[in-house]
Amino acid sequence: MRAADGSYAAVQREMWVGNLTGMRLLAFLVTGIVFLRWLWQMRVNAEALAPHGHRMKRGWTTGAWLVPVACFFLPKRIINDIWAASSPPDRPRRTDALLTSWWLLFVAAQLLAFPSTSRGPLSTELAGAALYVLAGVLGIGVVRRLAAMQRVRLHG
């Protein structure tokens with residue numbers, strides 16, 4: 001209790017922040033696993049649509065998220081290729097505003113949201129958490145649009 005400014009309220013606050021951080025990390029992990037499984041299937045489908053339209057091997061679809069520093073740009077490159085393969089054949093596009101906006105918010109959230117004793121106030125983490133929420137909303141849009149594009153291409 002003395003380490004936390006000597007007040008019981010400060011100890012409670014620290015416990016709540018710790019618990020919420022743990023729950024956030026668990027939700028992030030579960031969501032990440034589900035998303036990577038979905039992305040893998042989108043990549044398999046995209047290879048059927050455009051076998052030579054991918055700049056990286058299929059294994060990078062999941063592996064790129066785990067490489068430090070590269071995780072800020074390689075996954076976007078892979079998703080761009082999937083997007084292009086899923087686009088109508090007469091107008092292939094590697095990206096669009098929704099995809100780019102989602103990625104920029106996601107990367108910004110990654111940089112801000114996780115606690116650090118050296119970084120500063122809790123407001124930075126809260127801003128990062130808010131960016132995660134916005135990125136999540138846009139991410140749902142990306143998932144829905146990419147799935148719809150592939151449905152049209154595979155069955156249309």
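Is D81 buried or exposed? D81 is buried, with a relative accessible area of 2%. Buried means under 20% relative accessible area, exposed means over 50%, and partly exposed lies in between (1.4 Å probe, protein chains only).

This is a predicted model: local features need pLDDT of at least 70, side-chain atom pairs count only at pLDDT 80 or more, and totals for chains, interfaces and linings use all residues. Residues are numbered from 1 along each chain as its sequence is written, and side-chain values use heavy atoms, with hydrogens and water left out.

**Helix 3**

D81 sits in helix 3. Helices are DSSP runs (H or I, at least four residues), numbered from the N terminus. Twelve of the 13 residues of helix 3 are buried, so the rest of the structure largely encloses this helix. Among the buried ones are W83 and I82.

**Contacts**

Contact means heavy atoms within 4.5 Å. The table leaves out residues up to four places away in sequence.

| Residue | Touches |
|---|---|
| D81 | G53, H54, R55, M56 and R94 |
| F106 | F28, W65, Y132 and A135 |

**The core**

A nonpolar core is a set of buried Ala, Val, Leu, Ile, Met, Phe, Trp, Tyr and Cys residues joined through side-chain atoms within 4.5 Å. The largest one has 30 residues, and L39, W65, I82, W102, F106 and L146 touch the most other members. Helix 1, helix 3, helix 4 (97-113) and helix 5 (122-155) each supply at least two residues of this core. Helix 4 gives the most, with nine.

**Helix 1**

V30 lies in helix 1 (residues 8-49). V30 is partly exposed, with a relative accessible area of 46%.
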